[in-house]
Amino acid sequence: MVFLTCLACLAGPARAELADFTPEERAYVRDLGPVTVCVDPDWPPFERLNARGQYEGVGADLFRLAAEVAGLRYRIVPTADWDESVAASKDGRCRLLAFLNQTPARDEWLLFTPPLFTDANVFITREEHFFIADPAELTGETIVFPSGTSMEERVRRDYPNLRVLNSASEREALDMVSERKADMTLRSLVVAAYTIKKEGLFNLKIAGKLPGYDNALRIGVSKDMPQLRDILSKAVRTITPAEREEIVNRHVSINVETVTDYGLVGRIAAGFALIVAIVVAWNLRINKLYAELERRSRTDPLTGLANRTHLDAVLRQEADRAERYNRPFAVILFDVDLFKAVNDAHGHLVGDKVLKTLAKAAQATVRASDMVGRWGGEEFLVLCPETDAASALVLAERLRLAVRGEPFETGSVQTVSLGVAAFAPGDSVDSLLIRADDALYRAKNAGRDRAMAA
């Protein structure tokens, strides 16, 4: 086994002071003795155990820096693979896992620090594969993961349409894609770029980015050591973005030690520079495409307001928040009076213009904290956080007057009827909407062009 002692002096007294450790925390670390640590022995360039059993890589340097700040002494426990490291952590042989994502399954036995490092996860496919905008739309495709990864756990849960395969290592996962044994893998951008370059797998490409699936790699601490987790969290927060960048560049950069054919060196360097440029350009393109796809997925194409899907998601979040924290929350459901007559008299193109004009008036009238969106057809919904029924009714009346005063393409006054409902104890999203809908129809039956509360 390899023993490593971390010297706080390497990090500098000023850095330890920046962490603002209490005397009790300093005494706790001093009295703790060497803490056992497990790592992934084969996950370059993030972490690995080299032929001499030494811990090295991006994660190793970041973990070492945090441990030095904390004054923590530690001992690396060698394992054959990541599965063995996880098993050793579960049974207590390792008190820390140095560099891993937090997941609900791992929360059962570990506490986590803030991220040591964050990195995007990207789809890696063969060069002929199409861009992946939404993996939920894929059918009959396979995705491969090294055994035991957090991304495998999440993809199995979120995308049951994909058939998951396993590999023994990071390199084998990429090889399986390269050799058409799997359609894709989802891996760290840094690891993928490093491995593709190092192993010459140039028939592979980055084919998309999965939102919300970024790696946030942290130190995992045994659940019975919350004080150590808190101390390491303070140490992690002292690491600067510049230090992280320098560490990544140190491990992913190209090193040529002894070469006599300088023409060949130049061609290799130029080739790698081209590859890096292509990867950067491709990722910029992916990010732009992703931003546009994400915007479109949330937006109604006719009015530019939030669409039904986005409204529904935010509505459920706000209802959960209102219930959990006992906060006021109200909704306003409204639609265009006699809209069928507008379409019949003027045609659907004019009807579309009426909806766009109404949407613009509504967006200009609601408050910055509100969200207005198209619920469907000529029906609209306003979400009003931190708003009781009386205040929502005042806002509904302002909306009614704003629409009434708007110059519409029909040349006539256009009106809306509005129903208001406030979230009450025991409410669900459905019951809240039903009461708003009932209030809307009471406004309709009372003569239209009015707002009524449930």
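Predicted model: local features only at pLDDT ≥ 70, side-chain atom pairs only at ≥ 80, totals over all residues.
Me: How many helices and strands does the protein have?
Reply: There are 16 helices and 20 strands. Both are DSSP runs numbered from the N terminus: helices are H or I with at least four residues, strands are E with at least two.

Me: How much of the protein is buried?
Reply: Buried residues are 49% of the 454 residues. Buried means under 20% relative accessible area, exposed means over 50%, and partly exposed is in between, with a 1.4 Å probe and protein chains only.

Me: Disulfides next. How many are there in the whole structure?
Reply: The search finds one disulfide, a term for a pair of cysteine sulfur atoms within 2.5 Å. It joins cysteine 38 to cysteine 94, with S to S 1.9 Å. The link is right-handed, with 40 degrees about the S-S bond.

Me: Which parts does the pair tie together?
Reply: Cysteine 38 is in strand S2 (residues 35-38) and cysteine 94 is in the loop between helix H5 (82-90) and strand S7 (96-101), so the pair ties together parts 56 residues apart in sequence.

Me: Is cysteine 38 buried or exposed? And cysteine 94?
Reply: Cysteine 38 counts as buried because its relative accessibility is 0%. Cysteine 94 is also buried, with a relative accessible area of 0%.

Me: Switching to strands. Which way do S10 and S13 run?
Reply: Strand S10 (residues 121-126) and S13 run antiparallel, joined by five bridges. Asparagine 121 stands opposite serine 188 in S13. Two strands pair if DSSP finds at least two bridges between them.

Me: What about S11 and S13?
Reply: Strand S11 (residues 142-146) pairs with S13 in the parallel sense over two bridges. Valine 144 has threonine 185 in S13 as its bridge partner. As for cover, five of the five residues of S13 (residues 184-188) are buried.

Me: What is the strand order in the open sheet of five strands?
Reply: The order is S17-S18-S16-S19-S20, with mixed pairing. Strand S17 (371-376) and strand S20 (451-453) are the edges, each pairing on one side only. Neighbouring strands are turned by 20 degrees against each other on average, direction ignored.

Me: How do S19 and S20 pair?
Reply: Strand S19 (residues 416-422) and S20 pair in the parallel sense over three bridges. Valine 420 has alanine 453 in S20 as its bridge partner.

Me: Which strands does H14 lie across?
Reply: H14 lies across S16, S17, S18 and S19, at about 155 degrees to S16. Axes are lines fitted to C-alpha atoms, for helices over the stretch in contact, and angles run from 0 to 180 degrees between N-to-C directions.

Me: And how does H13 pack on H14?
Reply: Helix H13 (residues 339-346) and helix H14 (residues 348-365) pack at about 135 degrees, with axes 7 Å apart. That makes H13 oblique to H14; angles under 35 degrees count as roughly parallel, over 145 as roughly antiparallel, 65 to 115 as roughly perpendicular and the rest as oblique.

Me: Which residues of H13 make the contact?
Reply: Phe339, Val342, Asn343 and His346 do, contact meaning heavy atoms within 4.5 Å.

Note on methods
Residues numbered from 1 in each chain as written. Heavy atoms only, no water.
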